[in-house]
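This briefing concerns selected local features of the structure shown below. Please read the points alongside the sequence and the model.

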Amino acid sequence: MKNITVIGSGTMGNGIAHTFAQNGFSVSLVDICDAALQKALQTIASNLDRQVKKGTIDDAAKAATLANIKTYTDAYEGAADADLVVEAATENREIKLKLFKQLSDVCKPEAILASNTSSISITEIAAATNRPDKVIGMHFMNPVPVMKLVEVIRGYSTTDEVTKTIMELSIRLGKSPVEVNDYPGFVANRILMPMINEAIYTLFEGVAGVNEIDTVMKLGMAHPMGPLQLSDFIGLDVCLAILNVLHKGFGNPKYAPCPLLVNMVMAGQLGAKSGTGFYQYTAGSKEITVAAKFASPPAS
C-alpha cells in the first residue's frame, strides 16, 4: 500500500487525508469543488500547526505531510493509480452507491475500496461494484488525526485477506482497529445513536434542559462531552440519517428519531456546522452557549 485516494474533502475526508499523509503515504484528495479542496488543505495546515505548537511534530514533518497530498476534482484522474480508496462523501445511500460503481470501473482490479460510512450497509455498497470481495468499511472517528479507533466493517463478501490488510494498515496509521460485521449502525452508532436520541427525547419531554442533560452525562458517567453537544459536533443531519438507517434496518420503534431532532434538521439547525443546534456557535471562538430556543428551563 502506497497510493491512497480519499474521496470527499470535508471534516472526515481531510482528517483521513491528513492521517495517511502524515504517515508517509501518497494521498490523492478528491472533491467536485476546487474551493472545497483548498479549504481542506487550509484545515490540514492549521491542524498541523497545532501539532507543531504542541511539539508532537516539527516543521519538517508538517512540510512533508503537506507535500504528500495532491488534490483533484476528477475522480478518474485521482483514483486511477490508487492501491486503496477511502470514500468519505456525504452520508447518503444513493450518492455512495453511484460513487462506488464509478470507482470499481476506474480503479485497477487489485485496488481495495473502503467506505467511511457510519451506518450504510457495506454489503449493499459492495454489490454496486465489480469487486464485492475487495469492499470494506473503514469507519474513522472525528477528529481523525487524534482518535484512535477505526471500525473495520466486513461486508458479506469481504475476504479474510482484505480484512487482514486493512486491520494491519490501520495499525500502521497508529490506530486501534476493531473488526465488526455488517449490521445497521455497526457497533459504534448502534450504541451511540440511541443514547443521543434518548437525550433529545429527555429535552423534548421537558425532563431537563440542555446544559443539565449534558452535565449529568459528563459528571455522572465520565463522558468527555455531553450527548447533546456531541450530536451538534457530529451534525444533527448525520444523526438523523443514522437513526433512520437503524429504524429501517431493525424495524424497531426504539430507533425512531425524536420529533425534535426531525424538526431541527428541517429548520436547518444542524449543530456546529450551521452555527446553531442545541448550542450556539460563533466562528473563530471556542465559546459556546445554549441556543436561545432552549435557554429557558423546561416546564415542570
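Valine 162 lies in helix α7 (residues 160-172); helices (H or I, at least four residues) and strands (E, at least two) are DSSP runs, numbered from the N terminus. This is a predicted model, in which local features need pLDDT of at least 70 and side-chain atom pairs count only at pLDDT 80 or more, while totals for chains, interfaces and linings use all residues. Residues are numbered from 1 along each chain as its sequence is written, and side-chain values use heavy atoms, with hydrogens and water left out.

- With a relative accessible area of 6%, valine 162 is buried (buried means under 20% relative accessible area, exposed over 50%, partly exposed in between; 1.4 Å probe, protein chains only).
- Beyond its neighbours within four places in sequence, valine 162 is in contact with Ile112, Asp133, Lys134 and Ile136, where contact means heavy atoms within 4.5 Å.
- Between valine 162 and aspartate 74 there are 26 Å in space, C-alpha to C-alpha, and the two are 88 residues apart in sequence.

**Serine 28**

- Strand β2 (residues 26-30) contains serine 28.
- Serine 28 counts as buried because its relative accessibility is 15%.
- Not counting residues up to four places away in sequence, serine 28 touches Ile4, Thr5, Val6, Lys70, Tyr72 and Gly78.

**Helix α11**

- Helix α11 (residues 236-250) has 15 residues and reaches 21 Å from its first C-alpha to its last, close to the expected 21 Å; the expected span is 1.5 Å times one less than the number of residues.
- Leu236, Cys239, Leu240, Ile242, Leu243 and Leu246 are the buried residues of α11.
- Seen down the axis of α11, these buried residues fall within an arc of 165 degrees, so they line one face of the helix; the arc is that of the directions from the helix axis to the C-beta atoms.
- Among the elements covering the buried residues of α11 are α8 (188-204), α10 (227-234) and α12 (259-266).
- Glycine 251 follows α11 and has a positive phi, near 65 degrees.

**Packing of α11 against α12**

- The axes of α11 and α12 come within 9 Å and cross at roughly 130 degrees; axes are lines fitted to C-alpha atoms, for helices over the stretch in contact, and angles run from 0 to 180 degrees between N-to-C directions.
- α11 and α12 are therefore oblique to each other (angles under 35 degrees count as roughly parallel, over 145 as roughly antiparallel, 65 to 115 as roughly perpendicular and the rest as oblique).
- The contact is made by Leu236, Asp237, Cys239, Leu240 and Leu243 of α11 and by Leu261, Val262, Met264 and Val265 of α12.
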